[in-house]
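This briefing covers the pockets, cavity, nonpolar cores, salt bridges and backbone angles of the structure shown below. Please read it with the model open.

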Amino acid sequence: MTSSATVNYHVHKDERQCFELDAGGIAGNLISPELAPTRVSVADMRAEAEPVRFERDAVEFAQAPGAVRDFTGDSWKDLYDQELTALLMDRLGVQEVVVFDHTVRIDDPKAIRKPARNVHSDYSEDGAKHRLIDLLGTEKAAEWSGGHFAFINVWRPVEHPINSAPLGFVRPSSVASDDWILLDLIYPDRKGQIMGLVGNPAHAWVYQSKMTPDEVVFFNIYDNQGLPSIAHSALDMVEDPNVTTIRKSIESRTLVRY
């Protein structure tokens, strides 16, 4: 079954483009490069006979009930990190997991962190290698680089099933290499780099309808042995116009060693 949604693709330009985050020192103040709103068809994996698989598609949806329900404050982090570590070890067979960031996103104009509505992936190759060193230090990063490591994100609905702005993904097999562009992330105190995706009618979009807090989607951001990075974005669509719950989610970034 397919639905339609609007996504914001990036555009090719001669100059390097950037996002300015927390611009002017104001938390949540975002200055975006030019985006191209585009209507796309999205396949619902809940209705498909052949689901997406991480080892083939760089994304997978899974049942993952957990003990953590309240993501306010900081007291939940240790337990949730343990749950994510167990999940990735079980599902992907990884040997080591470093959970290094959590972002709660709320689809509300007053929220500091809103759903990301640009088609992107979180790291370029250079960005991933620098982040590895930032997290592990030079010596340990060199050790990990000699084996198989990856950055994997885990996304989960919070409080309610997702009714609007679900997270959508582009199958890597439908993406051409020149669909990707480098984008700088400029913070008040540091600079990063991500990959933005330019529109292409060949892109095959997927999502899972009405995801609940007992479900997660885990997806590949960078893999040093070649699994593609997957483009993703919040989808501007509504499942049921009679439901008014606000889309709330938590995205956790992890570094794993196979």
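**Pockets**

The second largest pocket has a volume of about 300 Å³. The model is predicted, so local features need pLDDT of at least 70 and side-chain atom pairs count only at pLDDT 80 or more, while totals for chains, interfaces and linings use all residues. Residues are numbered from 1 along each chain as its sequence is written, and side-chain values use heavy atoms, with hydrogens and water left out.

- A pocket is an open set of points on a 1 Å grid over the protein atoms alone, with protein on both sides within 12 Å along at least five of seven lines; lining residues have an atom within 4 Å of a point.
- Grid points are joined across faces, edges and corners, and a volume is the space filled by probe spheres set on the points.
- The second largest pocket has 18 lining residues, and Trp-180, Met-195, Ile-221, Pro-228 and Ser-229 lie nearest its centre.
- Strand S13 (residues 215-223) gives the largest share of that lining, three residues; helices (H or I, at least four residues) and strands (E, at least two) are DSSP runs, numbered from the N terminus.
- Sorted by class, the lining of the second largest pocket has twelve nonpolar, four polar and two charged residues. Here Ala, Val, Leu, Ile, Met, Phe, Trp, Tyr, Cys and Pro count as nonpolar, Asp, Glu, Lys and Arg as charged, and the others, Gly among them, as polar.
- The largest pocket has a volume of about 1,300 Å³.
- Its lining is made up of 43 residues, with Leu-21, Arg-105, Leu-185, Tyr-187 and Arg-253 nearest the centre.
- Elements giving two or more residues to the lining of the largest pocket include S2, S10, strand S11 (191-197) and strand S15 (248-257), while the largest share, five residues, comes from H3.
- The lining of the largest pocket has 15 nonpolar, twelve polar and 16 charged residues.

**Cavity**

- The structure holds one cavity of 30 Å³ or more, where a cavity is a set of points at which a 1.4 Å probe fits but cannot get out.
- The volume of the largest cavity is about 30 Å³.
- Phe-61, Trp-155, Ile-162, Pro-166, Leu-167, Tyr-207, Gln-208 and Met-211 line the largest cavity.
- That lining has seven nonpolar, one polar and no charged residues.

**Nonpolar cores**

- A nonpolar core is a set of buried Ala, Val, Leu, Ile, Met, Phe, Trp, Tyr and Cys residues joined through side-chain atoms within 4.5 Å. Buried means under 20% relative accessible area, exposed over 50%, and partly exposed in between (1.4 Å probe, protein chains only).
- The largest nonpolar core has 50 residues, and Leu-88, Phe-151, Phe-169 and Phe-218 have the most contacts inside it.
- Apart from this core lies another, of 14 residues, including Tyr-9, Val-175, Leu-197 and Trp-205.
- Beyond its neighbours within four places in sequence, Leu-88 is in contact (heavy atoms within 4.5 Å) with residues including Val-94, Ile-152, Phe-218 and Val-256.

**Salt bridges**

- The whole structure has 22 salt bridges, each a side-chain nitrogen of Lys or Arg within 4 Å of a carboxyl oxygen of Asp or Glu.
- Asp-184 and Arg-16 form a salt bridge, with their closest N and O atoms 3.0 Å apart. Asp-184 is in strand S10 (residues 180-186) and Arg-16 in the loop between strand S1 (2-10) and strand S2 (17-21), so the pair ties together parts 168 residues apart in sequence.
- Asp-184 is buried at 10% relative accessibility, whereas Arg-16 is partly exposed at 46%.
- Arg-113 and Asp-22 meet in a salt bridge of 3.2 Å, N to O. Their positions in the chain are 91 residues apart.
- Arg-113 is partly exposed, with a relative accessible area of 31%, and Asp-22 is buried at 14%.
- A salt bridge of 3.7 Å, N to O, joins the side chains of Arg-253 and Glu-251. Arg-253 is buried at 14% relative accessible area and Glu-251 is buried at 7%.
- Shared partners join Asp-101, Arg-105, Asp-122, Glu-251 and Arg-253 into one salt-bridge network.

**Backbone angles**

- Most residues other than glycine have a negative phi.
- Ala-58 has a positive phi of about 70° and lies in the loop between helix H1 (54-57) and strand S5 (59-63). Ala-58 is buried, with a relative accessible area of 0%.
- Lys-210 has a positive phi near 50° and lies in the loop between strand S12 (205-207) and S13. Lys-210 is partly exposed at 45% relative accessibility.
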